[in-house]
Amino acid sequence: MKIIRAKDYNDMSRKAANIISAQVILKPNSVLGLATGSSPIGIYQQLIKWYEKGDIDFSEVTTVNLDEYYGLSPEDEQSYHNFMYTNFFDHVNIPRDRINLPNGMETDEAKECARYDALLNSLGGVDMQLLGIGRNGHIGFNEPSDCYSKGTHCVELAESTIEANKRFFASADDVPRRAYSMGIHTIMAAKKVIVVASGEDKAWAIKESCFGPVTPHVPGSILQLHNDAIVIADEAALSLIDNI
Ligand code: F6R
């Protein structure tokens, strides 16, 4: 696991965007695993700027998102579909038929999980997976648990996740209680993983994920076993770690 120290959120975003940009230049038909939330917004903004300048071309890229809230339609303002189109897809040239997210409206969970896993398999896996990390160490919506999930599954969101994500909703009661998420096995199978973290509220999760025991109780800690995982964190997120 390589840890890169960034000065602040903007520096973290530029560093991560540089790595993603290099990936797309080196392999134009990359399968990019993407995340939502506050952490990647600056990365998407930077990539959009480079796209507008003509420095990066996404025309051969395929994307697979980590997760989607159960019960939210793509049109719902709080859905991750809507987030991704508003913050990224509407501004770059990724072909629409190569954009993939779990379908939050599918009530047949087994069917939707099988569909998403079959899709991931048919793409030959993920070349580069971008991850944020939850305050409790979750990656995707793989919440702390006694065991690791393998493929796509429908999760019960942890109370701390509902608490953290209520800022995007009118109230905590409006946060969906469940979500579809890629599994830990799928994330670990990505050829390269980039984790971005900014702010003091991520310091515990970053310290435990980088240096704590590898345990499903801190899902991010499994990344210590990945061959090519890069953590890009700002000073506040690294504040519980000495000498980085
Ligand atoms: C989002 C996702 C989550 C977030 C995490 C951090 O697609 O899978 O794991 O990355 O909850 O969220 P932010 O970046 O909002 O702090």
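Entry 1. I noted that the model is predicted. I then looked up where the ligand is, and found the ligand in the largest pocket.

Entry 2. I listed what surrounds the ligand. There are 14 residues around the ligand, and those that come nearest are Ser 39, Asp 67, His 138, Gly 140 and Lys 202. I sorted this shell by class and got eight polar, three charged and three nonpolar residues.

Entry 3. I checked polar side-chain atoms against the oxygen atoms of the ligand. For Asp 67, an N or O atom of the side chain is 2.5 Å from a ligand oxygen. Lys 202 has a polar side-chain atom 2.6 Å from an oxygen atom of the ligand. For Arg 167, the distance from a polar side-chain atom to a ligand oxygen is 2.8 Å. I also looked up the cover: on its own the ligand has 400 Å² of accessible area, and the protein covers 94% of this.

Entry 4. I turned to charged pairs within the protein. Side chains of opposite charge can pair when their charged atoms come close. I found 14 salt bridges in the structure. One of them joins Asp 127 and Lys 27, with 3.0 Å between the closest N and O atoms. Asp 127 is in the loop between α4 (109–122) and β6 (128–131), and Lys 27 is in the loop between α1 (9–26) and β2 (31–34), so this pair ties together parts 100 residues apart in sequence.

Definitions and conventions. Residues numbered from 1 in each chain as written. Predicted model: local features only at pLDDT ≥ 70, side-chain atom pairs only at ≥ 80, totals over all residues. Heavy atoms only, no water. Near = heavy atom within 4 Å. Polar contact = N/O pair within 3.5 Å; in protein donor to acceptor, adjacent residues only side chain to side chain. Areas by Shrake-Rupley, 256 points an atom, 1.4 Å probe, with all protein chains shown as cover. 1 Å grid on protein atoms, 1.4 Å probe; cavity = no way out; pocket = protein on both sides within 12 Å on 5 of 7 lines; lining within 4 Å. Sits in = over half its atoms within 2 Å of the grid points. Nonpolar A, V, L, I, M, F, W, Y, C, P; charged D, E, K, R; others polar. Salt bridge = Lys/Arg side-chain N within 4 Å of Asp/Glu carboxyl O. Helix = DSSP H or I, 4+ residues; strand = E, 2+ residues; numbered from the N terminus.
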